[in-house]
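Please look through the structure shown below, and then follow the questions and answers about its strands, metal site, surface and salt bridges.

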Amino acid sequence: MADRVITLKGATKRFFKKGKFDLTPLDNVNFSVKRGERIAIWGESGIGKTTLLNVIGLLSSQTSGDYYLNGRNVKTFSENKKAHLRNSYFGYIIQDFALVENWTVYNNLKLPLKNRDKKPKNSKELIRESLAEIGLESKIGVEARHLSVGERQRIAIARALINSPEVILADEPTASLDAKNKDTVIEMFDKICTGDKTILIATHDDEVLKFVNTVYRIADGKLFIEGR
Amino acid sequence: MLNELRLNKKVYFSVFIVEAVLLALFSALFAEVSYTNSTLSAIEEIDDTNVYVNFDCTLSEQLDSLFENDTESIKRGKELYNYVAKGRTKYSYWDYPVGTLANGKPFFQATTDKYFFDLYGIKVAVGQNLYDVTETKSGSIPVVVGADLTEKYQLHDVFEMEDPNTGKGVKYEVVGILPKGTTYPAVYNIGMKNSVDDKMFRPLDVEALNEIGNLVMSIASLVVFANNETDLRKIEQLSKDLNFLDMSFEKISDNTVIFLQEGKETMQIYALIIIALIILAVLIGGIAIYIAIKKKLNVYIVQITAGLSLKKLCLNIFFALFAVNVVLIILSLAFSALSALLSDTSAFNSYYFSSSTLNVYYYAIISLVFLFIDAIISLIPYLKLRNADLLNILRSENG
Ligand SMILES: Nc1ncnc2c1ncn2[C@@H]1O[C@H](COP(=O)(O)OP(=O)(O)OP(=O)(O)O)[C@@H](O)[C@H]1O
Ligand SMILES: [Mg+2]
């Protein structure tokens, strides 16, 4: 159990509004992730990949069932604790809109630093360093909306990683990228994910599969192991 | 907080506008309320006693004859005055415009008893109270002056002025200066207050009077505190018998009851308007913020994934609103200071403290009201989002 970072037990997520919709993208899901694993969540559009990452990333909670994080039931966590975990334990690269469009790159990268329990004094340095690593130092003062798609995705990744999270959640990180940018992003992940870092990538991109150890497929609210 | 401000510029700007309107209305209402309040207290000061004021009906022929036989008239007048003074609480008060200006306004020479100062609690800010002085260094008559007159007369100044009743020049010495803004109830005009600012007060000593003009005034301007009506009728009768003045005392407290009632009703209406405005401000602010959060959902999701908690989000909103208030209050303070400077060069005169404490009181209240509004507005998203799945409630309305 100790090496299980994430465990879902009978987790169900249901979206329901009378007369409008009744969806169960996660239906009694049992799922666990070991420390250091690289996992891909595979599935067609609208099937529940984002829903799963949101539950795992503590952005939303399951309708029923349990979620254990490092052996502790997240139901016992306070709002503050969850916010703290979102800030420092998880690095979440959100689908499509991972940056605040009309903020500068600097302000976007500063967000996770600002919400730390102890604000670092050398924020500017940390931001510079993280930009230097992805070769985008010169974009520090540029507003996110002026960046190219590839640059934007790299910044989004840098933002998710700036607090050195244990678990990285990436939602379709290569979706709108060309071949060259795709390679860059996958290389980035490869470089980061050493040792104990755990990563879950929601994707329907073949390229990404080469980088992971385990592929899960979502269908009908269930998770199936597709390959290792 | 800055990010929050930048993010919802329009929302915070509309809150700013609503609160500016609230501030303006509030200051108007506050002025009204404090006016009603002060007039109420003016009435209450004299309400529990039966106050009778002489509405004099003496004909001018009668006055002429009094002035012709002045030695005889003085004797009769003193007899009448002594009768009134014996065992009764009373004061005389009258004033004349001097005919020159002080601080751009005409000012008055007032004559009154010690009891007037005692009753209304009028005390000097600097120097000595009028009736504490028995003799001035210069040997002239002591006077205390209102704040407007300090432009002309300083403490210990000695000057000569015509006595309006005798036409003779009299030497006065300033022994004290009254605090600016001091008032006393206008007994002839219920609910109104008169200011001491534009007046100089000289003492009244009827015993020592030896001319008819001032004696007539000290009797004609009598305000008598009595417990029964017949007592007043006796005074009127004696005055007739002595062939002095045609006096007619009227009880003023009859009117005060009505005025009190009206005043309280007015204040209730103001209280209702204020409450309605606060609710309006809260609703506009709260709804605007909530809609803004929903509309800029992606920005908030990015912040939430970066570790922003709901509490922090609401605190950010609170501090953004607080910043708006601070700016608003500083602007209005600057504005009122500026207008005070422009309209009244003596604004920083040391006698001004009584009205500036009113300002402090007013800003303290408005600050509290604003803080209350801020707290409620920032609580609205908190209460709406607290028990919900952060992301889902933000993303779409689902059960
Ligand atoms: N808050 C919500 N309220 C109602 N329905 C929702 C909500 N969030 C997601 N859904 C629905 O749940 C289903 C799963 O959505 P989800 O975003 O997890 O899909 P996905 O696999 O990530 O799709 P994509 O590949 O397009 O990103 C979809 O049908 C979606 O419309
Ligand atoms: Mg998705």
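A residue is called buried under 20% relative accessible area, exposed over 50%, and partly exposed in between. The model discussed here is predicted.

Q: Does Phe319(B), at 39% relative accessibility, count as buried, partly exposed or exposed, and what is its place?
A: Phe319(B) has its place in helix α10 of chain B. A residue is buried under 20% and exposed over 50%, with partly exposed in between. At 39% relative accessibility, Phe319(B) therefore counts as partly exposed.

Q: Which element gives the largest share of the nonpolar patch on the surface of chain B?
A: The patch has about 800 Å² of accessible area together, and its residues include Met1(B), Leu2(B), Phe319(B), Phe322(B) and Leu371(B). Two elements give two or more residues to the patch, namely α10 (310-343) and α11 (353-385) of chain B. The largest share, five residues, comes from α10(B).

Q: How many helices and strands does chain B have?
A: Of the 399 residues in chain B, 47% are buried, while the chain exposes about 19600 Å², of which carbon and sulfur atoms supply 60%. Among the contacts in chain B with a separation of 6 or more, 78% are between residues 24 or more positions apart. The secondary structure of chain B comes to 12 helices and 12 strands.

Q: Why is strand β3 of chain A largely enclosed by the rest of the structure, and how many of its residues are buried?
A: Strand β3 of chain A covers residues 38-42, and burial means under 20% relative accessible area. The strand is largely enclosed by the rest of the structure because the number of its five residues that are buried is four.

Q: Which residue in β2(A) stands opposite Lys13(A)?
A: Strand β1 (residues 4-17) of chain A is joined to β2(A) by nine bridges, and the two run antiparallel. Within β2(A), the residue that stands opposite Lys13(A) is Leu26(A).

Q: Which residues coordinate the magnesium ion (ligand 2)?
A: The ion is coordinated at 1.8 to 2.2 Å, through an OG1 atom of Thr50(A) and an OE1 atom of Gln95(A). This pair links distant parts of the chain, 45 residues apart, since Thr50(A) lies in helix α1 (residues 49-56) of chain A and Gln95(A) in the loop between β6 (90-93) and α3 (105-114) of chain A. At 19% relative accessibility Thr50(A) counts as buried, whereas Gln95(A), at 23%, counts as partly exposed. The coordinating residues are Thr50(A) and Gln95(A).

Q: Which residues are joined into one network with Asp148(B) by salt bridges that share partners?
A: Asp148(B) forms a salt bridge with Lys105(B), the closest N and O atoms being 3.2 Å apart. Asp148(B) lies in the loop between β5 (141-145) and β6 (158-162) of chain B and Lys105(B) in strand β3 (residues 105-112) of chain B, so the pair ties together parts that are 43 residues apart in sequence. Asp148(B) is buried, with a relative accessible area of 4%, whereas Lys105(B) is partly exposed, with 40%. The residues joined with Asp148(B) into one network are Lys105(B) and Lys180(B).

Technical notes. Residues numbered from 1 in each chain as written. Chains lettered and ligands numbered in written order. Predicted model: local features only at pLDDT ≥ 70, side-chain atom pairs only at ≥ 80, totals over all residues. Heavy atoms only, no water. Buried < 20%, exposed > 50% of the residue type's maximum accessible area, 1.4 Å probe, protein only. Contact = heavy atoms within 4.5 Å. Areas by Shrake-Rupley, 256 points an atom, 1.4 Å probe, with all protein chains shown as cover. Donors = N, O, S within 2.8 Å, 3.2 Å for Na, K, Ca; no water. Patch = residues over 30% accessible without salt bridge, like charges linked within 9 Å, V, L, I, M, F, W, Y side chains within 5 Å. Salt bridge = Lys/Arg side-chain N within 4 Å of Asp/Glu carboxyl O. Pairing = 2+ DSSP bridges.
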